Amino acid sequence: MHRQDDAHHGHEQNAGSSVRDPVCGMTIDPAKAAAKVEYAGTKYYFCSAGCAAKFRADPERYVKPPEPKPPAPPPPAGTVYTCPMHPEIIRDAPGACPICGMALEPRTVTLEEAENPELVDMRRRFWVSTLLTVPVIAIAMRHYLPGDPLARIASPAVLTWLELLLATPVVLWGGWPFFVRGWRSVVTWNLNMYTLIALGVAVAYVYSVVAHLFPRLFPASFRNQAGEVGVYFEAAAVITTLVLLGEVLQLQARSRTSAAIKALLGLAPKTARRLSNNGTEQDVPLDQVQPGDRLRVRPGEQVPVDGVVLDGRSAVDESMITGEPIPVEKGPGDRVIGATVNGTGSLVMQAQRVGAETLLAQIVRMVAEAQRSRAPIQKLADRVSAVFAPTVVIIAAVTFAVWGVVGPDPKMAHALINAVAVLIIACPCALGLATPMSIMVATGKGATMGVLFKNAEAIEVLRTVNTLVLDKTGTLTVGKPRLTSAVPVGNTDPSELLMLAASLERSSEHPLAAAIVQGAEEKGLKLAAVEDFEALAGRGVRGRVAGRRVALGNAKLMEELQVAAPAAAEQAEGLRREGATVMFVALDGRLAGLIGVADPIKETTPEAIRQLHAEGIRIVMLTGDSRTTAEAVARRLGIDQVQAEVLPDQK
């Protein structure tokens, strides 16, 4: 099917009709076309050989109409809107804050949100206003330009008219949101920074318009030798443009903060594989999953929602929740958390908490609420702001009166410009925005780095903290287990011990198996094939490697296999004191050696601990590891207190 406005059959083409070039869109006369191409029985005409060449290279691109950009999705039903500066303001529809006039935004960020429309609008107003303000400044400051080149182009009266024409859209269009907010602040008697901005810009602009159009209304002291009154269009335009810049920067900071929350939301999968009662499986959107649904989690997939395992075994990476990088073994009856990553096994789980009830959704909600919570210092800022704006208006009026009475000539001109200066310079933009913006940026940046603040007060009181509680794995340590030792017992060759252990572990799904295999490969050992492999849950693995019976696991496995391990108990305890996880290796029914795997301490950790101690901060380490391993790490780093064998929910 072809577009009839772009394509024309040769036998239907009228010599005098015009057609459109399908590449550039230019309207051309077929009789004067630079090129003609026939495609799929249709003749296309082009304005140039270049357009014809592009068409020949990819005709389908130009024959098919471009797909329209999908509209931004509407906010979900039940969306609640709030003010970023005054979280106590809650509305069920978008609008403006009755206190400060800022645009309300959804209280809960969604992953599908389009770009903030207020940011788009303010950015457009800023760039247009900037383009118009630059020549206004040049005209106003023309006397300071070498040779005053503008004076040779136009008369002062014409240049003032040009200032008026350029400044009017800046003030009336670019600054319109500030006038609306300023007027609302007066009507509701919530005077704020927009009150001062609107008043200052309005006074400067209106004065300048009247001075230019009706100079005779002003006393002679206001007029120069040419009978003209000084105008301040550049002041009104520059103030408006600078405030627009501040709005854009503020909205961009809020958008970056929302991006941090969206990154958390993006951790969740988009679909889940649901099992029906008749045994069929179907991928469904995540929002269609209901509590009680049976879901399949295939190897490498993310767990869709919070629930419990019904069937299967696997190791699940829960580092995004617990910070522990070593995957946790899961089996029937074990709980799994949404957005965590399944390992190499397949699981069938039952959904229990979905949607806003999942742990990930609760974390996102906590971050969003923390961003809009109010720090104690904000209460002080609110009290100051309540009296600041009316006080500034009074001071501006007094300034006008004093300069008008005792100021230098022209008195009224000096009085007006200084009164406007008081209104603008005293504008409490920083007072009103600095604290909320710092809280939003701190919580957003912290969320991307894995640091969650319960509320804004927690950020403020952080400076008084004298004890810091740290998790061990992934915080003090690298977070990735590595092979640290292979200790032979008796006449066992160390290389053979490691080769046999790694060959056996290559078939295992245990989280520590990969560290042993990687350690053997780094030493250049060639691994052998495994026969009769068997994984023994909670104990270890066994099988046949190179014709020998090999078993690797904990002391409990050695007891089951009736392998005498007490002789190596002291060596094992020594490795544990160094922070390693110890596994016993048995060959043909006898103990052959020990394998040690540890999570190395980060290179930056000792210096960080030293600096914290220098600040007088006491360090407490939490870990799920055994006390022996935990105390080994604590001794090496000088940790003040250790809490070992702590479960994730206890942390």
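Modeller: Let's start with exposure: buried means under 20% relative accessible area, exposed means over 50%, and partly exposed is in between, using a 1.4 Å probe and protein chains only. Glu 607, with a relative accessible area of 37%, is therefore partly exposed.

Biologist: Before we go on, what kind of model is this, and how are residues numbered?

Modeller: It's a predicted model, where local features need pLDDT of at least 70, side-chain atom pairs count only at pLDDT 80 or more, and totals for chains, interfaces and linings use all residues. Residues are numbered from 1 along each chain as its sequence is written, and side-chain values use heavy atoms, with hydrogens and water left out.

Biologist: Fine. How many salt bridges are there?

Modeller: The general idea is that a side-chain nitrogen of Lys or Arg lies within 4 Å of a carboxyl oxygen of Asp or Glu. By this rule there are 15 salt bridges.

Biologist: Which residue pairs with Glu 607?

Modeller: Arg 610 does, at 2.6 Å, N to O. Helices here are DSSP runs of H or I with at least four residues, strands are runs of E with at least two, and both are numbered from the N terminus. Glu 607 and Arg 610 sit 3 residues apart in helix H20, so about one helical turn separates them. Arg 610 is partly exposed too, with a relative accessible area of 47%.

Biologist: And what about Asp 121 and Arg 124?

Modeller: Their side chains form a salt bridge at 3.1 Å, N to O. Both residues belong to helix H3 (residues 117-140), 3 residues apart, about one turn of the helix. Arg 124 is partly exposed at 43% relative accessibility.

Biologist: Where do the partners Glu 560 and Arg 539 lie?

Modeller: Their side chains meet at 2.7 Å, N to O. This pair links distant parts of the chain, 21 residues apart: Glu 560 is in helix H18 (residues 555-560), while Arg 539 is in the loop between strand S19 (530-536) and strand S20 (540-545). Glu 560 has a relative accessible area of 42% and is partly exposed; Arg 539 is partly exposed at 25%.

Biologist: Now the buried side of things. Which residues of helix H21 are buried?

Modeller: In H21 (residues 627-637), they are Thr 629, Ala 630, Ala 632, Val 633, Ala 634 and Leu 637.

Biologist: What do they pack against?

Modeller: Count a contact when heavy atoms are within 4.5 Å. The buried residues of H21 pack against several elements, including helix H15 (472-476), helix H19 (569-577) and strand S22 (580-587).

Biologist: What follows H21?

Modeller: Gly 638, with a positive phi near 75°.
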